[in-house]
Structure formats: C-alpha cells, structure tokens
Amino acid sequence: MIYLIPTPIGNLEDITLRALRILKEVDLILVEDTRVSIKLLKHYDITTPYESFHMHNEHQKVSKIIKQIKVGLTVALISDAGTPGISDPGFLLVRTALEAKLEVQCLPGPTALIPGLVQSGIPTDRFVFEGFLPPKKGRKSRLESMALETKTLVFYESPHKLIKLLDEMIPIFGGDRNIAIAREISKLYESTYRGSLKAAKFYFQENSPKGEFVIVVEGLKK
Ligand code: SAM
C-alpha cells in the first residue's frame, strides 16, 4: 500500500489525526527534502524511517520502492508542503504503483490552491489549475492558450516572478480582469490582494512580493 499524505503549507496544526497515525504506522516515509520533513516528523514525535524521494532521484528509485511494496512494505509519500503530486513529486510513483496493481490512497488535506481559490471571491464552481508556468520558454504561448477560457484559472508563482507574471498576463487577459493573489496562506503574514490585473501589478510594484503566492484569475466573461 502507498499513502500520499498532505502536510501543512505553513501552520503546523494543519495536519489530520489520520495523517499523523499513518505516518507513525508505515514502514517507510518517502520525503522530498529530508531537512524540511525532519522538522515536521520531530514536531509530531514520528520516528518512522525515512528516505529522500524527489524530482532528481525519483526515476532511479521508483522501481526499487515498488518491489519493496510488493513484498509487503507499507510506504507513505510526503512533500515539503501540501499535497504530494500537486506541483510536487508524486505522479510518477502513483502511475508506477498502479501499473504494478498496487493500492494507492491519497488522504484529504492541505494544498495551497483550494484556500487560495475559495477565499478569492472569484467563481469556484469551475476552475482550471495551471500550477507554475514553464520557467523560461513557452510562458506566453501557455497563457495565450487560456485567453478564451471561461473557467477560473489558478496559478502558482514564486515571489521573484510574480510581477513578471502579471505583466505577461495583462496583454492576454486584459488589465481589467479580476484577480486575487493569496499570500502566505496559514502563515503569520497571510493576506489576499483582490482587484484588477493592472491594479495588482501596480500594488506589487509598490509592495515588493515576499513569501508564497496563489494567483486566481477570473475566466473570460461570456
Ligand atoms: N504541493 C503543494 C500544494 O499542494 O499546494 C505545492 C508545492 S509548490 C512546490 C509550492 C507553491 O505552492 C508555492 O510557490 C506557492 O505558489 C504555493 N504555496 C505553497 N504554500 C503556500 C502558502 N502557504 N501560501 C500561498 N501559496 C503557497
């Protein structure tokens, strides 16, 4: 059995009782960055053995892990924050495990996109999660492919690229499009900026972006 276990995106209280129990019960925890996860594991007195599993070693490690699970090992995967597989390692392990006819369960729990979307004030009934745009090439064409999208769009972006992203969006979505930018969800400096795209760009030019951000853009009005 493989469990995908969501972990807090800021506030350490945001972890379920079931997540803690499973992390204590499994034989092995796969962690994205040992330095990050050790803090969580220590905080909750979890002494289960762990090893690293991240984008640079997952291809190399996945078949050995699947073999171990086939002979009875129970494994949980956690990422640095939030739900594994959401802009984090997880997909390769799930796909390989399913191909090997193993059971996979993802626990419900923290992820940044859902609170960012729900508190945005922008329609939540239909949305597209776009995650991060490609880091360099292909950003413009990716955004252009969404120009006529009527569903709400949800993005992740790092603080040093936030203004660049807003700048890239304005000619494609129009400066008057509604946007909400949730910063540091569940952390000390949590806040949400709500306004038009062009006002958001002005605001963040005046108030340098710091922390982590979820960007929610209203879809094209029919
Ligand atoms: N697996 C995570 C999840 O389920 O949301 C996402 C991991 S991804 C590597 C990190 C990005 O998620 C950040 O750059 C930011 O866009 C978003 N994020 C994570 N934590 C956040 C927080 N506390 N507040 C706002 N955005 C956050």
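This is a predicted model: local features need pLDDT of at least 70, side-chain atom pairs count only at pLDDT 80 or more; totals for chains, interfaces and linings use all residues.
Residues are numbered from 1 along each chain as its sequence is written, and side-chain values use heavy atoms, without hydrogens or water. Local features need pLDDT of at least 70 and side-chain atom pairs count only at pLDDT 80 or more, while totals for chains, interfaces and linings use all residues.

Let's start with the rings. Rings of Phe, Tyr and Trp (its six-membered ring) pair if their centres lie within 6.5 Å; planes under 30 degrees apart count as stacked, over 60 as edge-to-face and the rest as tilted.

| Pair | Centre to centre | Between the planes | Type |
|---|---|---|---|
| Tyr203 and Phe204 | 4.9 Å | 85 degrees | edge-to-face |
| Phe204 and Phe213 | 5.9 Å | 90 degrees | edge-to-face |

Ring pairs also bring in Tyr193, which forms a cluster with Tyr203, Phe204 and Phe213.

How accessible are these rings' residues? With a 1.4 Å probe and protein chains only, buried means under 20% relative accessible area, exposed over 50%, and partly exposed in between. Phe204 is buried at 5% and Phe213 is buried at 4%, whereas Tyr203 is partly exposed at 35%.

Now to helix 8, residues 197-206, where Leu197, Ala200 and Phe204 are buried. These residues lie on the same side of helix 8, because they cover an arc of only 55 degrees around the axis (taken from the directions from the helix axis to the C-beta atoms). The face turned away from that buried side carries exposed Phe202 and Glu206. Helices (H or I, at least four residues) and strands (E, at least two) are DSSP runs, numbered from the N terminus.
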